[in-house]
Amino acid sequence: MMASSYSAKEEDGHHPGASGAGGAAANGRKPDNTAFKQQRLPAWQPILTAGTVLPAFFAIGLIFIPIGIGLYVTSNNIKEFEIDYTGTDTSSPCFSCYQNFSWNSTLPCKCSLPFSLDQPFESNVFMYYGLSNFYQNHRRYVKSRDDSHLNGNLYSLTHPSKECEPYAHRDNVPVAPCGAIANSMFNDTMELFFVHPNETRSQIPLKRKGIAWWTDKHVKFRNPGGNGDNLTAAFQGTTYPVNWHKPVYELDADPENNGFINEDFIVWMRTAALPTFRKLYRIIEKKSSMTPTLPSGNYTLEVTYNYPVHSFDGRKRMILSTISWMGGKNPFLGIAYITVGSVCFFLGVVLLLIHHKYGNRSSSPDIAS
Amino acid sequence: MARQAEETGAKGSDAKKQKKKKSKKESKTRTVRANILYDRAKGEENPNRHYASNKIKTTKYTLLSFLPKNLFEQFHRFANVYFVFIALLNFVPVVNAFQPELALAPVVFILSVTAIKDLWEDYRRHRSDKEINHMDCLVYNRNERRYMEKYWKEVRVGDFIRLRCNEILPADVLLLSSSDPDGLCHIETATLDGETNLKQRQVVRSFIDLDCEFDPSKYNSVIECEKPNNDLNRFRGYIIHRSGRRDGLYKVNLLLRGCTIRNTEEAVGIVIYAGHETKAMLNNNGPRYKRSRLERQMNVDVFWCVIILLVMCLFSATGHGLWMFQYGDKRPVFDVLSPEGTGLSPVLSAIYLFLTMIIVFQVLIPISLFVSIEIVKICQVYFIHQDVDLYDEETDSHLQCRALNITEDLGQMQYIFSDKTGTLTDNKMVFRRCTVAGVEYSHDANAKRLAMYQEVDSEEEECTSHGGTLPRRESVGSHQSSKVVLRSHSTKSHRRTGSRAEAKRASILSKHTAFSSPMEKDITPDPQLMDKVNEGATQMEFMRFHSQPLSQLPSDLSDIIDFFIALTICNTVVVSSPNQPRQKVRLKSPVKTIEDFIKRFTPSRLTSGSNSSSLSSLVTNRSSSNRGCSSILSSPSAESTLTKLNEERLQTGRGTSPGLLEHAFSPVPTTTLRYEAESPDEAALVYAARAYKCSLVGRLPDQVTMELPHLGKLSFELLHTIGFDSTRKRMSVVVRHPLTDQITVYTKGADSVVMDLIRPPTDDTKGKRQKKILYKTQHYLNLYAADGLRTLCIAKKVLSKEEYAGWLRRHLEAETAIHSREELLFESALRLETNLHLLGATGIEDRLQDGVPETIASLRKAGLQIWVLTGDKQETAINIAYACRLLEPEEELITLNAESQDACAMLLEETTTSSSTAPFLVHRLGLVIDGRTLAYALDKSLEDKFLAVARSCRSVLCCRSTPLQKSMVVKLVRNKLKVMTLAIGDGANDVSMIQVADVGVGISGQEGMQAVMASDFALPRFRYLQKLLLVHGHWCYSRLANMILYFFYKNAMFVALIFWYQFYCGFSGSPMIDQWYLIFFNLMFSAFPQLITGTLDKDVSAETLQELPQLYMSGQNSEEYKPYMFWMNMIDAFYQSLICFFIPYFAYADSDVDLFTWGTPITTLALFTILLHLGIETKTWVREHTLVILFFAVALGYNASCPTCYSPSNPYWTMQRLLGDPLFYLLCLVTPLAAVLPRYFYRACQGSLFPSPVQVGRQLDKLPPDTRRNLLSLNRMKVGSLSSLSGEPSDFYRNV
């Protein structure tokens, strides 16, 4: 062990402490009488007894329960609508797509799903796609990317990291973007139509930008050679991933949202924590304060079914949700606060009883004297 | 003739030896020739060239070898190998979990911290080596024909070295010449064995008689000696002169490296062993390594952690295999193929995953625990060192921790084995009583004076304790082995003996006066005995003057005179004068010259004994006796006779040698002589004799000079000194009595052995008288022992010339024997010490040290069993035991004294049955066992019974035990009862016991440093044991125990978080916690607060711990760290990790959170939880706990540092974003609270419902001082206070 090689020299006269200020005094080896060396540093010494912790329990209870209620109410005020369009059910419009579509299919499969909203969505609505049973957090999957490649590094573009293997090269041509995450990018397209009572459909404008983290879009992801117009040239000498149907510079027409800085792509590249997850797809912005963003009524979701989930029994969902200051709809935290608060309160009562029964003999000064 | 005989003997044995050697191996000896015989230029011919040079190198590494060698050494630790294995596993692509370089970081960190520490130590060693290597010494130069200054490192075997007073020896040197006319050289061996008394070394016999100064250029002898070895007390060899003559070389001829030359102006010697081959260097072994009990327990739990780790890995691997299997051939997109594009079978990937999981879960085996423990222990040692309460003003010494890694063992002791003399007592011997020729002299005045001393002293001590100028020791260069201590020679100061304390302190400080505090020196003589001494001396003087045979002296008077002669000369005391410290008193008296004259004319001792004896009887120094004695005579008549006598004698004296006697006035008044004895008993006896005007004035190797009243200075030719050893328990000197010219043996020793050797003469009257004296003396001896005095018997024996010659022949044979010389000498001693004539006995008091009874009482209250193992007599030991409250008067004593194995068995049987039939007596028993019985009891067949008896007794006292028995007892108790043992002692006889015990404590007291060298802790006084154990032991134990438990908990909790996640990531080994946090979590974020707690936490204040020794029992019973606590902690860890995992899980379920944005809050939560947990377990919060903020600082910095690095987590801006998210704060509030709630609640309930004694102590701490004092005094009065504290706290409170 380390100490075994520690020489005994310290003990024989000049060890670190002895040569302090007192060293000049008559007693050369007398240790200094300081609070630190004599281990008398001022310190707070809490003693845990029923009496002393009692206030803490009640305080926690009294603080947590209102917070919990507040959170619960906030969460309940959030409006959320969810529709599963996987098509596992034979009655589903997407059933045929679900059955037949695979990564090799070249022809897009389209299906449209009608749904209705009972209540209007007042504020900005966030449109998510949700996947279930998709292990985006698989260890090898998470690793299968090259950040410097995505940052527009020209060398990395043509020499993808080995972490990307086996999705780094296709027929010896470097793949851009490389890696399994990019390769498995979600590529269903969804369009939302409001069905007026007169059966006419009007497409709801979906905002494509502003769905990714600002730092991702502007710092982490960059197109090679800067975000210039000529992306095709920038990606010269690379090919698109095997599961894709178009090169990366054709993801969007908007040059601000194309190539590696395509926000759908960026969102996908942020690997989800859990196998059931949702990812922001579009934002429906509130247009005026007078009309709700999505009034109640019938809607149709048009899906271009490009993404097969059959192989892993996955589910695909479209979610519409408003958000509050604490994020999406999730009553759990409120419940957790209420529960913890109640438990604390209850334990506080128990401690009060204990204190009442046994604590009288406890050695608080006034009793002792 | 004698010399010739000796030589032939030596030759014979040497020849034999050589034959033997040659038949075996040539290289068993070392041959040293003088270097000056060989030219430096033709160095190859020098036969000494193969021997090590004097350059020392204690460094382990060189610049080149450092890295490989250090790494190699570090890999001897299993933990390091394990961590390196894991780090390397990361380099295998299929199983790697982290960036391989990053995974190396912690292990590299650990290794480099250790390496830097080693390097620093090595550098320090290098520096001190350099300093020592570059010290100067005088070496004879062949070309210049004089001594030249050279560095130590240039000294070579075969060089001649000239040493001056107070110089330090650079190598092991054979003494060839000394400025001392007797060929003596004094050395101080404090750096080797810590003994501060001077030791005499002698010039090699054939060089003593050189008339002129030793000239190295004429030296051409060859030295044959043994190979270098580490035995400081043995040196054998012989020197072959050109003439072919051989002389034996012994230990007394060798000066050892590191010693200091004292009292000798100049000495010349030839280097025999140099550098690393010197005995001092060979003796140097580093500090001991012991493994503490806590660490052993910890290792068991580390093993459990390994099992938990393997189970978790297996579970994950199976899970992964099944998860893979459910997909069958449908390969989902997220199942990434191997780089080659092929898929893995579920079984294969499960196997790979198993290895990956080991990497991911590696944190479970706490890599930082080992380092943290080392750091905490070093801090603990530092704090123990710094404790001002463990500092002894008198000796200017404080506690030394010599073993650095068993501090926590101090808190778990169950048995204390203590030596008595010097440990419980002061080992400052005071002569109290004596009996001579069957008459007891009680020395009552002495006892009264002693009592007065103490009173006066306590007052004086207060005023002088601030006294200023004490001589300070300056250590110039210290070195591991040969610490070179140069002393400033400011010894004058300590003669201003204002008070005893001052003097005592000064004397110990300067270490120039061993065992000579005023206490021992000032002895008020018993008037009755004084008269008799005077009478005897006068009569002898008269008889001598009238040439009457001295045998006509009344036997009681002759016995008294002989008794004092024996007290004075039967020892090894060295005389020095305080005016010129360390300067031997030179007697430039006729004695010397006449003696020299005799010597010259009688080349061998035996012949001088047979024919020229009359000369030596002339040797007296009347003048000084005149001065010294006249004043003390009380009766005027006696005075007048004396003066008359003196005048007459003076004239005759002048007649014989007028010129010489003129110089006889000794310049040094005898009263200021200092005696330096090897043992305090000797000093006490010599001082006692001096009180009776029988003073020792000089000691030379072959002559002792003493001064007697009326008789003046007498020089005894010292023929042999047969030293003390623990088997014989006695020492003898063989002298030629200057008055009777008889060869006389004076023996002094333990009464048990000496009394057996007494043979009363066979003729009736004398024999009867002797028997009567014998009987009376025995009676008084028993009385002395009952008073707790150490007893010694003094005896003499007169040898006829023939007897002596016969004995001498065999003794010389023994002396010159090379093989089994020790045994032969021992037998020779036994042959000599027979048929003795009893002179008397002495009783010496060994005073208890301050605070011993209180310390023992409080240690006992702390639940420690105290056994005292002593070499003393049973009665003495029992009395001391009563005095120090080891035995209480109301206790029933069981005394085991058996003569045989069977008797011992019977006794033990009896005791067991009696104690079992009377169980109500069990705790009131004390066991006393003597050495012989102990030997039987320690036999395999009886040891269990003995232990059973001993356990039923409250205290055990083993008397008359040998060092070996002491260690056997400790070993027996340790191994059979499985308890923690502490052995405390101060002398060489305790070394084996100290080494055997779990913790060895040495008292750095009077008897040298051997015990300290062997010990783990060295204390200046016994009473410091109380604070060391009760406070520091308790703290160290509870801190470390809590820290270890906490480490296990912390890592388990952290790892479990990842384990739960495996259920949600297909058991793919994916951590949601950023790998940097994961790896540095243990190393940094959670380790700092823990280290602070581990070093500074105080569960109970020092005052309370000392006032309530019962609190110590929590350590004895390992209450802070019981095996079940590990599992409780594990369960708590799993609960907390469940909370910390699932609250964020549900809070973020089905959201768009990404892997590491979700993992970071979990890390933060876990950290908060872990710190809250620490907060609950910590008893004192200090400001340093605010270091938590560090995590956020690091995290923010890390998250902002690089947008594209740290693949795969790439945590750019994650923390910053989280800090803007209210959900993060909400989680951070509720989760840690929910996680620690059960523990918090449990602790609160425990504090109220069933507080542990330690908690009660802590509550006491909080009370105002007055209330606390009242409480404690109440508590102390209650007999069953202990039960009220530990068992029923309510009782304790009810008292309030």
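Q: In E8(A), what is the bridge partner of Gly130(A)?
A: Arg278(A) is the bridge partner of Gly130(A) in E8(A). This is a predicted model, with local features needing pLDDT of at least 70 and side-chain atom pairs pLDDT 80 or more, while totals for chains, interfaces and linings use all residues. Residues are numbered from 1 along each chain as written, chains are lettered from A, and side-chain values use heavy atoms, without hydrogens and water.

Q: How do strand E3 and E8(A) pair, parallel or antiparallel?
A: Antiparallel, over seven bridges, with E3 of chain A covering residues 125–132. Strands (E, at least two residues) are DSSP runs numbered from the N terminus, as are helices (H or I, at least four). Two strands pair if DSSP finds at least two bridges between them.

Q: Is E8(A) mostly covered or exposed?
A: Mostly covered: eight of its eight residues are buried, meaning under 20% relative accessible area (1.4 Å probe, protein chains only).

Q: Switching to the interface. Which residue forms a salt bridge with Arg278(A)?
A: Asp1150(B), and the closest N and O atoms are 3.1 Å apart. A salt bridge here is a side-chain nitrogen of Lys or Arg within 4 Å of a carboxyl oxygen of Asp or Glu.

Q: How many salt bridges across chain A and chain B?
A: The rule finds five.

Q: And how many residues are in the contact?
A: Chain A gives 113 residues and chain B gives 131 residues, where contact means heavy atoms within 4.5 Å.

Conventions
Buried < 20%, exposed > 50% of the residue type's maximum accessible area, 1.4 Å probe, protein only.
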